[in-house]
Amino acid sequence: MKVCGYAAQQAKAPLSQFEFERREPRDFDVMIDIQYCGICHSDIHQVNTEWEGANAFFPMVPGHEITGIVSDIGAKVTRYKKGDRVAVGCMVDSCRKCNACINGLEQYCTGGGPVLTYNDEENIDGGKKMTTQGGYSNKIVVDENYVLVVPEGLPLDKAAPLLCAGITLYSPLIHWKAGPGKKVAIIGLGGLGHMGVKIAHALKAEVTVLSHSFKKQEDAKRLGADKFYSTSDPDTFNSLEGYFDLIINTVSVNLDMSKYLNMLKLDGAMVIVGIPENQMQFAAPILVGARRSIAGSSIGGIKETQEMLDFCQKNNIVCDIEKISIDKVNDAYKRVLNSDVKYRFVIDIANSLKCNN
Ligand code: NAP
Ligand code: ZN
Ligand code: ZN
């Protein structure tokens, strides 16, 4: 089936209009008319091939914060019907057999890894492989088990970034038990970070934003932060020594990790969700001296993603977005790199992508 979208033809190239093929819906597939797609910093890392050892399939149509309307279903689909409001996040399949998959942790699938929504390969009939392509496009075809329901009340545009930014913060906040009495810091008030503030606040934790300038101070409070510190002020690191139970690091570049780890209390944990290009470093005594730990976390499983969407509906949480037409995507990439977006770009696909199919 012919579809169209915006692709980078090669590494680091600007995105431009591109026609490509998707599979026809199979028995368990849902076809979705994409309405909106968020721009995640991971899209930029991948177009620029910044992650060592990661896939680099070009032409690449990025986009894994997708919302839309079901336009067709395969013969055996039971969970969705035409007209349903749905979403697709970072994964479109996984082995479904390994322990991780059985336990709803498809993002950690050990049977070959999850199939990512774009910049990956999926099996199609006859043992052939097809490159996956993401949500900067007019239509997508996804197995119903990897499609989410967008609850009534969540607008499709402001909900789109929940599919990556939202779940990437919800999952570690739940796993590390953010809640009443817990002091949580979010480093970096970007797409991920601003969702972290909203969700941690709704979980009733004390939330502190650690930002690299003072520019976002007012916003941080408006979004639900109890406290705000700029890490450009050296006093920040002294006054917060040993303070936090949990620090979530969303920053897309390397930080002086030891200084941040020193802000954890005894048994505190830093969870890394930002994925900078280069390796991280820290001084071992900083961990050893207070039984601190460093961990990582990747998006969330399918069941947990649905749980997060329902949680956001109940708590009136949506993303703060700047809606753009698709021809502005290259400018938007530059602005994300300058931390100049409040707080997520969302592409208005339905109203700005003109396809001949
Ligand atoms: P983003 O919107 O660009 O936010 C990153 C934030 O980091 C910025 O808003 C800024 O916050 C801070 N920052 C940027 N440059 C900095 C610098 N030079 N020094 C200090 N702080 C700086 O990006 P995002 O979409 O939230 O993604 C963040 C990272 O998470 C990316 O690396 C992305 O690939 C990764 N990611 C991981 C997962 C996962 O599953 N683990 C999922 C999605 C994304 P302040 O201005 O407040 O300092
Ligand atoms: Zn993402
Ligand atoms: Zn698996």
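Biologist: What are the protein donors of the zinc ion (ligand 3)?

Modeller: In this predicted model, where local features need pLDDT of at least 70, side-chain atom pairs count only at pLDDT 80 or more, and totals for chains, interfaces and linings use all residues, the donors are Cys95 (SG), Cys98 (SG), Cys101 (SG) and Cys109 (SG), lying 2.3 to 2.4 Å from the ion. Donors are N, O and S atoms within 2.8 Å of the metal (3.2 Å for Na, K and Ca), and water is not among the atoms, so sites may look incomplete. Residues are numbered from 1 along each chain as its sequence is written, chains are lettered from A and ligands numbered from 1 in the order in which they are written, and side-chain values use heavy atoms, with hydrogens and water left out.

Biologist: Why is the site of the zinc ion (ligand 3) called tetrahedral?

Modeller: Four donors count as tetrahedral if all angles lie between 85 and 135 degrees; the angles among the 4 donor atoms here are 104 to 118°, and the site is tetrahedral.

Biologist: What makes Cys98 and Cys109 a pair that ties parts together?

Modeller: Cys98 lies in the loop between strand 6 (91-93) and helix 2 (99-102), and Cys109 in the loop between helix 2 and strand 7 (115-116), so the pair joins parts 11 residues apart in sequence. Helices (H or I, at least four residues) and strands (E, at least two) are DSSP runs, numbered from the N terminus. Both Cys98 and Cys109 are buried, a term that means under 20% relative accessible area (1.4 Å probe, protein chains only).

Biologist: Which residues coordinate the zinc ion (ligand 2)?

Modeller: Cys40 (SG), His64 (NE2) and Cys164 (SG) do, at 2.0 to 2.2 Å. Of these, His64, in the loop between helix 1 (41-47) and strand 4 (66-73), and Cys164, in the loop between helix 3 (156-159) and helix 4 (165-175), are 100 residues apart and link distant parts of the chain; His64 and Cys164 are buried.

Biologist: Why is helix 4 called roughly perpendicular to helix 10?

Modeller: Helix 4 and helix 10 (residues 302-314) pack at about 100°, their axes 10 Å apart, the axes being lines fitted to C-alpha atoms over the stretch in contact, with angles running from 0 to 180 degrees between N-to-C directions. Angles of 65 to 115 degrees count as roughly perpendicular, and therefore helix 4 is roughly perpendicular to helix 10.

Key: Four donors count as tetrahedral if all angles lie between 85 and 135 degrees; four count as square planar and six as octahedral if opposite donors are over 155 degrees apart and all others between 65 and 115; anything else is irregular. Buried means under 20% relative accessible area, exposed over 50%, partly exposed in between (1.4 Å probe, protein chains only). Angles under 35 degrees count as roughly parallel, over 145 as roughly antiparallel, 65 to 115 as roughly perpendicular and the rest as oblique.
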